[in-house]
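This briefing covers a pocket, a surface patch and the salt bridges of one structure. Please read it alongside the sequence and the model.

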Amino acid sequence: MNRQSLFAGILIGLGACGYLALGGLPGAVIFAFGLIGVVLSGMPLYTGRAGIMNDIPALAGIWFFNVLGCILLGLLVLALGGELAQRAQTAVAARLAQGPWRSFLRAVGCGLIIDIAVWLYRTTKSVLPVLFGVPLFIVCGFYHSIADVVYLVGAGKWSNDILWYYPVIVIGNYVGCNIRRIVLELGVHPDNN
């Protein structure tokens, strides 16, 4: 499980690097490569499992190894420097400027979209929800706690603000990933309105 979680982090990290390289909607679409790789291989990703797992220590282990995988890609961005590192710096500065509350809400939005995309993949075995879900969370300006590690490390500039930022988005992703489960378990369906 640890090696699979590490590799899932590497896949997401590759998607984040693609986004840094291209930017905009093309970069958002390329980013989907990472999550498509995760769902097709069945590898454990924090945001893909947070809405279905009740075992918090196991989920924390998945998160830890996902982060390690993205640290590797972030170090690659840092080592390459140039435009990739500059774009990572810009992304980090924009995230930190949002403050804790907006960062949390942006992370909730990402968690909700990723959870639904992965749930729909599991239900239909179609990658289309993932292919549309990933660009959706990116163009909405939502934050993914695993991919953001690439930006944070790749930027190469450390700030005390990261100490509030990163836990806020991890928790926000967790909350967003559990909205679908809570709504469906409470029996709140569009048909019941």
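Helix α5 gives the most to the lining of the largest pocket, with five residues. The model is predicted: local features need pLDDT of at least 70, side-chain atom pairs count only at pLDDT 80 or more, and totals for chains, interfaces and linings use all residues. Residues are numbered from 1 along each chain as its sequence is written, and side-chain values use heavy atoms, with hydrogens and water left out. Helices are DSSP runs (H or I, at least four residues), numbered from the N terminus.

**Largest pocket**

- A pocket is an open set of points on a 1 Å grid over the protein atoms alone, where a 1.4 Å probe fits, with protein on both sides within 12 Å along at least five of seven lines; lining residues have an atom within 4 Å of a point.
- The volume of the largest pocket is about 270 Å³, taken as the space filled by probe spheres set on the points, which are joined across faces, edges and corners.
- Its lining has 19 residues, and Tyr 19, Ala 91, Arg 95, Ile 138 and Tyr 151 lie nearest the centre.
- Two or more lining residues come from each of α1 (2–22), α5 (82–97), α7 (128–139) and α8 (147–155).
- By class, eleven lining residues are nonpolar, five polar and three charged; here Ala, Val, Leu, Ile, Met, Phe, Trp, Tyr, Cys and Pro count as nonpolar, Asp, Glu, Lys and Arg as charged, and the others, Gly among them, as polar.

**Nonpolar patch**

- Leu 25, Val 29, Leu 128, Leu 131, Phe 132, Leu 136 and Val 139 form a nonpolar patch on the surface, with about 640 Å² of accessible area together.
- Such a patch joins nonpolar side chains (Val, Leu, Ile, Met, Phe, Trp, Tyr) within 5 Å, from residues with over 30% relative accessible area and no salt bridge; areas come from the Shrake-Rupley method with a 1.4 Å probe, with only the protein chains shown as cover for residues.
- The largest share, five residues, comes from α7.

**Salt bridges**

- The whole structure has three salt bridges (a side-chain nitrogen of Lys or Arg within 4 Å of a carboxyl oxygen of Asp or Glu).
- Glu 83 pairs with Arg 87 at 2.8 Å between the closest N and O atoms, and both lie in α5, four residues apart.
- Asp 148 and Arg 95 form a salt bridge at 2.8 Å, N to O, which links α8 to α5 across 53 residues.
- Both Asp 148 and Arg 95 are buried (under 20% relative accessible area; exposed is over 50%, partly exposed in between; 1.4 Å probe, protein chains only).

Methods:
Patch = residues over 30% accessible without salt bridge, like charges linked within 9 Å, V, L, I, M, F, W, Y side chains within 5 Å.
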